[in-house]
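Student: I would like to go through this model and ask what stands behind each label.
Tutor: Go ahead; each answer will set a value against its cut-off.

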Amino acid sequence: FYMNRFVVDDLAHRLLIYAQIVAIAVLGVSVSAAFGALTMQFALAYAAIRLILVLLYLRTWRSAPATKPLTQRYVTGYLIGIALWVVSAFLPMPWAALLWLAALAIEIGNVFTPRTRQLQSLLPPDPHHMRERYGIFVIIVLGESFIKTITSAPGLALNLEILTFSVLGIFAVLAIWWLYFDDVETTVIKPQVWASYVWIYAHLPLTLGLTAFGVGAKKLFQSVGAEHIKPSYLALYGGALVLYVLALALIELATTSEDQPVRGAVRVIRRLVLASALALLFVFGHELNALLLIAGVALLLGSALLVEVAPKLRAANL
């Protein structure tokens, strides 16, 4: 969002971004033990990431004084959050985690205060650039999910059951990609103030769902040949897909098309129907094996795609 609003590309900026990447790498390697042995490392890494962001805003504050009212509010919110993260580094669990939640609530809540929203409207983000960045991020997370499944079985000899499961599983990946990117070029975020916030923050559960989907797909793949799927694997895979589709419904709720003004409402209903159907499949499909379950998922996702593309096929006389 900083780069979306302010175009900066000098030497100091690049060095700050380099330092931030290092801090993000430390955060990443600390995640697995963030609630245990690496609490301090995790918290200080996050504080460093935010501190560098504060420095970026302070540079803009100095070079573009007109932005000071907005950047000052961002800096204040982030500094309070940073202070809580630093303090949390020296506290045991669960007190450290409670401070993390408080810091995040302050950082996110600061964005939604009336004065901040008013100032943001004076320096709005570039919607085309923003949607491109979000789209790229979704592609990266989806690609990681796909790779995670493939790397779970290096050197595996294919048989008919594994091959069938793989074809259907890859189709599921294709379908969830398609549902996100279908007509993305012809839609715009609604002009209402709430719409941009819904669109932006709906991507959090969407990418969480995609990440969990990748892990669930790997576990499901490892269940091929077994009589039943472990309940935990089924819950992970199914919950991830349902969460993803519900997030899609929120995104559709916040977008519209000039050519088809009612399109958004119709697609919201379709996404809710799909999420309900998937939930029913996973609730009542606990007796299915991995192959039958993925066949059911492919059938539901394929039906959803067919509903989307049928009007286009009719229009093209196909």
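This is a predicted model: local features need pLDDT of at least 70, side-chain atom pairs count only at pLDDT 80 or more; totals for chains, interfaces and linings use all residues.

Student: What is the secondary structure of the chain, and which pattern does it follow along the sequence?
Tutor: There are 12 helices and 2 strands. In sequence order they read α-α-α-α-α-α-α-α-β-α-α-β-α-α. The C-alpha trace spans about 65 × 55 × 35 Å along its principal axes. Of contacts between residues at least 6 apart in sequence, 77% join residues at least 24 apart.

Student: How many residues does the chain have, and what percentage of them count as buried?
Tutor: The chain has 318 residues, and 41% of them count as buried. The label requires a relative accessible area under 20%.

Student: Why is alanine 96 called buried?
Tutor: Its relative accessibility is 0%. The cut-off is under 20%, so alanine 96 counts as buried. Alanine 96 sits in helix H5, residues 95–112. Beyond its neighbours within four places in sequence, alanine 96 is in contact with Thr39, Ser88 and Leu91. Alanine 43 is 53 residues away from alanine 96 in sequence, with 8.6 Å between their C-alpha atoms.

Student: What joins methionine 93 and proline 94, and what is omega?
Tutor: A cis peptide bond joins methionine 93 and proline 94, with omega about 5°. Proline 94 belongs to the loop between helix H4 (68–88) and H5.

Student: Why does valine 54 count as buried?
Tutor: Valine 54 has 2% relative accessibility; buried means under 20%, so the label applies to valine 54. Valine 54 is part of helix H3, residues 39–63. Not counting residues up to four places away in sequence, valine 54 touches Val75, Tyr78, Leu79 and Ile82. From valine 54 to threonine 113, 59 residues apart along the chain, the C-alpha separation is 19 Å.

Student: What makes threonine 164 partly exposed?
Tutor: Threonine 164 has a relative accessible area of 30%. Buried ends under 20% and exposed begins over 50%, so threonine 164 is partly exposed. Threonine 164 is a residue of helix H8. Between threonine 164 and leucine 291, 127 residues apart along the chain, the C-alpha distance is 7.7 Å.

Student: Which residues touch the most other members of the largest nonpolar core?
Tutor: This core has 50 residues, and those touching the most other members are Tyr180, Trp199, Leu206, Tyr237, Val297 and Leu301. Two or more residues each come from helix H7 (127–150), helix H8 (160–181), helix H9 (193–222), helix H10 (231–253), helix H11 (263–284) and helix H12 (290–315). H10 gives the most, with 11 residues.

Student: Which residues is tyrosine 237 in contact with, leaving aside its neighbours within four places in sequence?
Tutor: Tyrosine 237 is in contact with Ala172, Phe213, Gly216, Ala217, Leu220, Phe282, Ile294 and Val297.

Student: How do you know where empty space is left?
Tutor: A probe the size of a water molecule is rolled over the atoms, and this shows where space remains empty. The structure holds 1 cavity of 30 Å³ or more. The largest cavity has a volume of about 130 Å³. Its lining consists of 13 residues, of which Arg131, Tyr180, Val184, Thr187 and Ile251 are the closest to the centre.

Student: What kinds of residues form the lining of the largest cavity?
Tutor: The lining divides into 5 nonpolar, 2 polar and 6 charged residues. H10 and H11 each supply at least two lining residues, and the largest share, 3 residues, comes from H10.

Conventions:
Residues are numbered from 1 along each chain as its sequence is written. Side-chain values use heavy atoms; hydrogens and water are left out. A nonpolar core is a set of buried Ala, Val, Leu, Ile, Met, Phe, Trp, Tyr and Cys residues joined through side-chain atoms within 4.5 Å. Buried means under 20% relative accessible area, exposed over 50%, partly exposed in between (1.4 Å probe, protein chains only). Helices (H or I, at least four residues) and strands (E, at least two) are DSSP runs, numbered from the N terminus. Contact means heavy atoms within 4.5 Å. On a 1 Å grid over the protein atoms alone, a cavity is a set of points where a 1.4 Å probe fits but cannot get out, and a pocket is an open set with protein on both sides within 12 Å along at least five of seven lines; lining residues have an atom within 4 Å of a point. Grid points are joined across faces, edges and corners, and a volume is the space filled by probe spheres set on the points. Ala, Val, Leu, Ile, Met, Phe, Trp, Tyr, Cys and Pro count as nonpolar, Asp, Glu, Lys and Arg as charged, and the others, Gly among them, as polar.
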